[in-house]
Structures are given as C-alpha cells and as structure tokens.
Amino acid sequence: MERNFQYFRKVTIFMHCEKTTVTIVGGGASAHTLIPMLSAAKYDVNLLTRKPDRWSKQVELLYQSADDGEVLEKFHGQLSKISSDPEDVIGESDVIILCM
C-alpha cells in the first residue's frame, strides 16, 4: 500500500510542475472535453489528430441540458499546437493521453 501512495505522490507532484505539456491523441468527444479542463488548469495542451485542418486553437465546450439541449455553461480551452505529425507534438510532451 505504501508503494502505491509514493507513486501517486510522485505523479501528483509531476502534474503540478510549471509548464507541463499534455498531448491529446485523437479528436473525438473526449478530446473536446479534456482540452478546456486541462487548459483551465494551466497546462500547455497539444493535439495529435488525423484532421488538423478541422480544428481551431480555441476550443469551446458546451454543457447542455439532457432534457431540452439548453446550454447551461460554456468552457473554453486553448491548444498550443495542432498536428497530424507525431514528431511535431510527442517529443515535447510530459503526458500523453489517448482519446480513442
């Protein structure tokens, strides 16, 4: 049990370092959800996608009512880089998240 706690502590400290770069692989719904959250937490966020031309560096997430589709809240995120070439984004990443 102690060993697992030490690992978690190291990961938690790492994730709160200054200028942590997170690369999201995939451009689906989970990527749209993660980008504003990670951006709001002050991480540099990159995106690796097959269709970079369909993305903007500004990402908006709409939280909608399941009943009538009314927009309850808007979240905004910022992408540092968008690419279809892994060499452009993976090498500088501290964390890689697969959204597939």
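Which residues is Thr49 in contact with, once its neighbours within four places in sequence are left aside? They are Gly27, Trp55, Ile82, Ser83 and Ser84. Keep in mind that this is a predicted model.

**Thr49**
- You'll find Thr49 in the loop between E2 and E3.
- Thr49 counts as buried because its relative accessible area is 11%, and the cut-off for buried is under 20%.
- The side chain of Thr49 also reaches the backbone nitrogen of Lys51, at 3.2 Å.

**Helix H2**
- H2 covers residues 29–40, which makes twelve residues.
- From its first C-alpha to its last, H2 reaches 18 Å, close to the 16 Å expected at 1.5 Å a residue.
- Ala31, Ile35, Pro36, Leu38 and Ser39 are the buried residues to look for in H2.
- Those buried residues pack against a whole set of strands: E1 (21–25), E2 (44–48), E3 (58–64), E4 (71–78) and E6 (95–98).
- An α-helix has 3.6 residues a turn, so residues three or four places apart point the same way.

- Lys42 follows H2, and its phi is positive, near 75°.
- Tyr43 sits in the loop between H2 and E2.
- Is Tyr43 buried or exposed? Tyr43 is buried, because its relative accessibility is 13% and buried means under 20%.
- Tyr43 and Leu79 are 36 residues apart along the chain, yet 9.7 Å separates their C-alpha atoms.

Terms used: Residues are numbered from 1 along each chain as its sequence is written. This is a predicted model: local features need pLDDT of at least 70, side-chain atom pairs count only at pLDDT 80 or more; totals for chains, interfaces and linings use all residues. Side-chain values use heavy atoms; hydrogens and water are left out. Helices (H or I, at least four residues) and strands (E, at least two) are DSSP runs, numbered from the N terminus. The expected span of a helix is 1.5 Å times one less than its number of residues. Buried means under 20% relative accessible area, exposed over 50%, partly exposed in between (1.4 Å probe, protein chains only). Contact means heavy atoms within 4.5 Å. A polar contact is a pair of N or O atoms within 3.5 Å; within protein, one must be able to donate a hydrogen and the other to accept it, and residues adjacent in sequence count only if both atoms are side-chain atoms.
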